[in-house]
Amino acid sequence: MKIRLKKIFYSFPVQLFILHFKHNHLLLFFWFLLWAMITGFVGRIYGTKYLFLNPEYLGEVSFYSFFILGIAFGGFTMSWNMTIYILHSYRFPFLASLGRPFSKFCINNSILPFIFLIAYVGWIINFQWYNEVAPLATIISYCLGFVLGICALLIIVALYFQITNKDIVNVLKSPKKAIPQNLLSLAARKMQKREEQQLSSRAWPVEYFITEYGKVRPTRGVEHYSPEVLMKVFRQNHDNALVLQVASVVVLILTGLMIEHPYFRIPAGASSMIFFALIVSLSGAISYWFGAWRMFIFVGMMILLNLVTGNQGLMNENTAYGLDYNKLTPYTYQHLDSIHSKDQVESDIDSTLQILNTWRSKFGRGRLMRKPKMVLITTSGGGLRQAVWTMQAMQTADSLLNGKLFKNTVLISGASGGMLGAACMRDLKLNEVLGDTVNIYNRSHVENLAKDLLNPLIFTSISNDIFLPLMKFEKNGHKYKKDRGYIFEKQFVENNNGLVARDLIEYKLPEKQAQIPLLFATPVIINDARRLVISPQGVSYMANANISKQTSGITEIDAIDFGLLFKDQDPYQMSIMSALRMNCTYPYILPNVFLPTEPPIQVMDAGWRDNFGTESVIRFANVFSEWIKKNTSGVIILQIRGTDKVDKMDDVYKTGILDRILNPINVAGLNVTLQDYQQDHTVDYLSKILEPRKTELIRLTYRPSKTNQRASMSWHLTTREKIDILNAIYQEDNQKSLRKLQELIR
């Protein structure tokens, strides 16, 4: 028994497995990273696991999407094997005496990939069964496609090595080539000499290995071969590694150049694995050529890359589509103060009062007419989850009120995904007003909204943005780069059958005539935390937080009228999707948008300052408080939320020491809660300003059912998550809110 265990311990597969944990920490890290992304340990909030467990190709999860994912996984595995072979083959000189040494190496180095593969298939089965509620036959076809994809890649690689690699007999027969005398060849000769010294001094004890046919064979000595000959056998794979690296780059760049064509939009999980394969190869090359200097070289490369991409000509600055970037507007406090002049504010107030009077006239005329309730809708951030929940809530409420929700609504504002859902619902209403045959309550609209956006986003990030976007498109006579911001807008419009495909100017007249509510997108300017208020109407009155009329002229400008700031750059020719995208630009997933100012400014998600849109509607109601008291019977703030108002309190004593070091005062994630506290105060203050008119706050909140976890805030939803979100409207608290809404709006 002792002898048998010793033989197992000194077998090639076991020794390679030990080698990884002793020498290959960086290369092991890529397996850990892949595991962490697949299981949701890393990137859970972004929904990265969906890329690997529910890959989409041509808009659907299928045998082919898993087949492509399998090819990519096979490529990553082969890149990892090749890198290990290049870095450590000298430790196992017996390999050089065998036929097809690299193939045998891969077979014996398969413990870790095989364990990972079995676990991966298990994760796919569990995810598809539980989250996607897929039938068994479908799950089997997915797994079969994944495994066949791996096999296809391995067969191609095996054939390539069969053609290009030579065994030791052929190496001995091949004539010696003259080495040119130059600096590069001198470095190569030094590297060869070092390898030959390592070959003779650092061999690992291995007694048995496994052949390609699964047979166990004892190793044999190679003392009768010179180190130079043995290393020639091993060095063949250096060229093969270069071919694999070039192939990875070519595949990523080609797919990036062809992002307009659906057939080239491979699953994002596959492009991620191809990118990992490239990084593994490059890290191996750096370790091979620079040895102990590898960390210094790596840091130097990162610094150089940062300096190069910081060059104005090479920066990948995302833009707002339709805006003229050939002109720059000054971004100074003096300029902001001048464009938000008293005369401009009074003019914009008068224009909005005309809209309010037009809205008021929809409820009839005369002294006996009952004054209507004014509805202000706010919706929170939360990715695709909140987009679907917002549309579901608005569809249900408007249907129960026989269309009176939209009739009574004056303004919609909010953040991130919620505004996408609200904007789509408003577009449906606009299509109805314009005479299109459309059922705005049809379930298909919600199903379209729930379609995947994460896959094209991540795919474009890896295959296009990382190499700097090369392709451009034209809009309103201006050219813009095609990047993940572009593909987000394009895919969203495609998913929703052309909704929100209009420019801002196309909403100006319908809003003016009170056919649809006003809609304010309010992304945050990163440079100074001011909000940018985007609307086709003049909204300079939103620039100051004049809660009290006595503070007028004292408070600082903390919001900017987008149309005023960019009046010379065709602001209303910008697409509504660019405004909505700026409003939901969460870090890493969507690029920060640069705007044509001097100095440059960039904007991101509205949720960083006002995740619920409450600040906007309170400020609007405060500005028009006198008109509201005179012409309405009160204000209803309908808040469509993706989280509970009162959440479970965390136990800070259960945090570990690492959590306390990284987050010493436990403030992570408290931004939204702090906004809630502040906005409770402002809502209460508004109710006092509007007295004797009553201010009502009604909440429709998505809460996961007891049998489900909360849907992620990513741009992808599973089947189970979709069902859970749609069913949330039937929860008692939400039904109670709907009944109250019916009582108030008659």
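**Aromatic pairs and a positive surface patch**

In this predicted model, the count of aromatic pairs comes to 42, with rings of Phe, Tyr and Trp taken to pair if their centres lie within 6.5 Å. One of these pairs joins F12 and F105, whose ring centres are 6.2 Å apart and whose planes stand at 65°, so the pair is edge-to-face, given that planes over 60 degrees apart count as such. This pair links distant parts of the chain, since F12 belongs to helix 2 (residues 12–23) and F105 to helix 6 (residues 101–108), 93 residues apart.

**Aromatic contacts**

- F488 and F492 form a stacked aromatic pair, with 6.4 Å from centre to centre and 20° between the planes.
- Both F488 and F492 lie in helix 21 (residues 484–495), where four residues, or about one turn of the helix, separate them.
- F488 counts as buried because its relative accessibility is 1%, and F492 likewise counts as buried because its relative accessibility is 1%, the cut-off for buried being under 20%.
- One aromatic cluster is formed by W31, F73, F76, W80, F116, Y120, W123, F146 and F276.

**Charged surface**

- K362, R370, K404, K407 and R746 together form a positive surface patch.
- Within this patch, R370 is placed in the loop that runs between helix 15 (342–361) and strand 4 (374–379).
- R370 has a relative accessibility of 60% and therefore counts as exposed, the cut-off for that class being over 50%.

Note on methods
Residues numbered from 1 in each chain as written. Predicted model: local features only at pLDDT ≥ 70, side-chain atom pairs only at ≥ 80, totals over all residues. Heavy atoms only, no water. Patch = residues over 30% accessible without salt bridge, like charges linked within 9 Å, V, L, I, M, F, W, Y side chains within 5 Å. Areas by Shrake-Rupley, 256 points an atom, 1.4 Å probe, with all protein chains shown as cover. Salt bridge = Lys/Arg side-chain N within 4 Å of Asp/Glu carboxyl O. Lys, Arg positive; Asp, Glu negative; His and termini not counted. Charge placed at Lys NZ, Arg CZ, Asp CG, Glu CD. Helix = DSSP H or I, 4+ residues; strand = E, 2+ residues; numbered from the N terminus. Buried < 20%, exposed > 50% of the residue type's maximum accessible area, 1.4 Å probe, protein only. Phe/Tyr/Trp six-rings, centres within 6.5 Å; stacked < 30°, edge-to-face > 60°.
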